[in-house]
Amino acid sequence: MAGLTKHPLSPYWTAIFYDGAGAKVRRSTKLRDRRRAMETALAWERAAKDGREKRLTEAQARKVVGEILERSTGEKLHFHTFRAWLDEWLAGKNGTTAPGTLTRYKQVLGDFIEFLGERAKLPLPAISPADVRAFRDKLAKEKRAPSTVNLQIKKVLNAPFAAAFQLGYIPLNPCAAVEALRDDTDCGREMFTAEQVGQLVQTAEGDWRGAVLAGYFTGLRLGDVANLKWEAVDFGAGVLRVRTTKTKAPIVAPLHPEFEAWLKGECRGIAKAPVFPALAGKRTGGAGGLSAQFAKVLKRAGIARKLLRKGDGAGHRTSNLSFHSLRHTFVSALANAGVAPELRQKLSGHADEKTHALYTHHEVETLRAVVAKLPGVSVGG
């Protein structure tokens, strides 16, 4: 039977018991209380005996460790299966996460559980980078866009694992060890010519006319243009002051004379009123989204485009010309005008030089002079 001893110079009790190989061992309990130390020694002895007799299961081992921790610290040891942890994590997101985001979490996590099959019943730490990598490769084989796959792995699936890691439930986050897919989507995209932008401006109707000018003369993304508010327009300083939705980067964009003239002619509100009320608050993707509406603007202007990748229900369609091409055009036109890379990056709000380089195809007063180099598009009435 297990016993206890204490060294004269140590405040802790030492357990004496026979280990799984039948050898007599001494192990410090790190406990000062004799009763708790004896309970720990007996638990170790039971586990060792079950091990010798080949009766020790993983569940029993976890139970023993959990009991020892609770007796020692008063805290319970958390043993989650992967699926149980996801259920707990998702429950905590109710009321704290936007409905659309919560739906995305449930969809991606549900797909991962289905992919794991019986492995979803394993303890949370058993899910490895190999599992995540295999799931990533499965999504890629389904012809989903690299950007879509990377979003699902590095942001959505990563979230519950990151939370488990912070709580100490797992020793590492398996998503952090999985590489993102290379995304060459932008490589097939093209720029608009100044003449084509002029065609768009001349034939666009309603708010789309100003949106095209905004995209061409500021390089802002479609979502940022659509949700632009009048409080961002500073006519006195001749600039737009915007914090981008994607990177949260603050941008001070000098107003090109042609875009400034359109804004002054269309000034319909102040403060938080939208500059483009017909576009504000609408989603960019989907069948009825702003990107699809812009495709009709292109068609009306007589500008043909090529489909680079078809949508298959798992990812969005990608064409060589889209509203995002105005951003490419903005950066590239600056490059062709000899504007230094660091100034182009400051104007476009790119997070890093690598991202900025994808858009390059061949101090406010300084930036204002830079924007003035953009060729006009002959805006008429």
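**Close-up 1. Gln199 in helix α7.** Gln199 is found in helix α7, which spans residues 194–203. The model shown here and in the other views is a predicted one. Gln199 has a relative accessibility of 33%, so this residue counts as partly exposed. Partly exposed residues lie between the 20% limit for buried and the 50% limit for exposed. Leaving aside residues up to four places away in sequence, Gln199 touches Ala301 and Ile303. Leu298 is 99 residues from Gln199 in sequence. In space, the C-alpha atoms of Gln199 and Leu298 are 9.0 Å apart.

**Close-up 2. Helix α5 packs with helix α6.** Two packed helices are described by the angle between their axes and the distance between the axes. Helix α5 covers residues 129–141, and helix α6 covers residues 146–166. Their axes are 9 Å apart, and the packing angle is about 150 degrees. Angles over 145 degrees count as roughly antiparallel. The pair α5 and α6 is therefore roughly antiparallel. The crossing of α5 past α6 is right-handed. On the α5 side, the contact is made by Val132, Phe135, Arg136, Leu139 and Ala140. On the α6 side, Val149, Gln152, Ile153 and Leu157 take part. Seven residues of this contact of α5 with α6 are nonpolar, one is polar and one is charged.

**Close-up 3. Helix α8 meets helix α10.** Helix α8 runs over residues 207–218, and helix α10 over residues 257–266. The axes of α8 and α10 come within 9 Å. They cross at roughly 150 degrees. This makes α8 and α10 roughly antiparallel to each other. Here α8 passes α10 in a left-handed crossing. From α8, the contact draws on Arg209, Gly210, Leu213, Ala214, Phe217 and Thr218. From α10, Glu258, Phe259 and Trp262 contribute. The residues of this contact of α8 with α10 divide into five nonpolar, two polar and two charged.

**Close-up 4. An open sheet of three strands.** The strand order is β4-β5-β6, and the pairing is antiparallel. Strands β4 (233–234) and β6 (250–254) are the edge strands. Each of these edge strands pairs on one side only. Strand β5 spans residues 239–243. Two bridges join β4 to β5, and these strands run antiparallel. Asp234 stands opposite Val239 in β5.

Technical notes: Residues are numbered from 1 along each chain as its sequence is written. This is a predicted model: local features need pLDDT of at least 70, side-chain atom pairs count only at pLDDT 80 or more; totals for chains, interfaces and linings use all residues. Side-chain values use heavy atoms; hydrogens and water are left out. Axes are lines fitted to C-alpha atoms, for helices over the stretch in contact, and angles run from 0 to 180 degrees between N-to-C directions. Helices (H or I, at least four residues) and strands (E, at least two) are DSSP runs, numbered from the N terminus. Angles under 35 degrees count as roughly parallel, over 145 as roughly antiparallel, 65 to 115 as roughly perpendicular and the rest as oblique. A crossing is left-handed if the near helix is turned anticlockwise from the far one by less than a right angle, and right-handed if clockwise. Contact means heavy atoms within 4.5 Å. Ala, Val, Leu, Ile, Met, Phe, Trp, Tyr, Cys and Pro count as nonpolar, Asp, Glu, Lys and Arg as charged, and the others, Gly among them, as polar. Two strands pair if DSSP finds at least two bridges between them. Buried means under 20% relative accessible area, exposed over 50%, partly exposed in between (1.4 Å probe, protein chains only).
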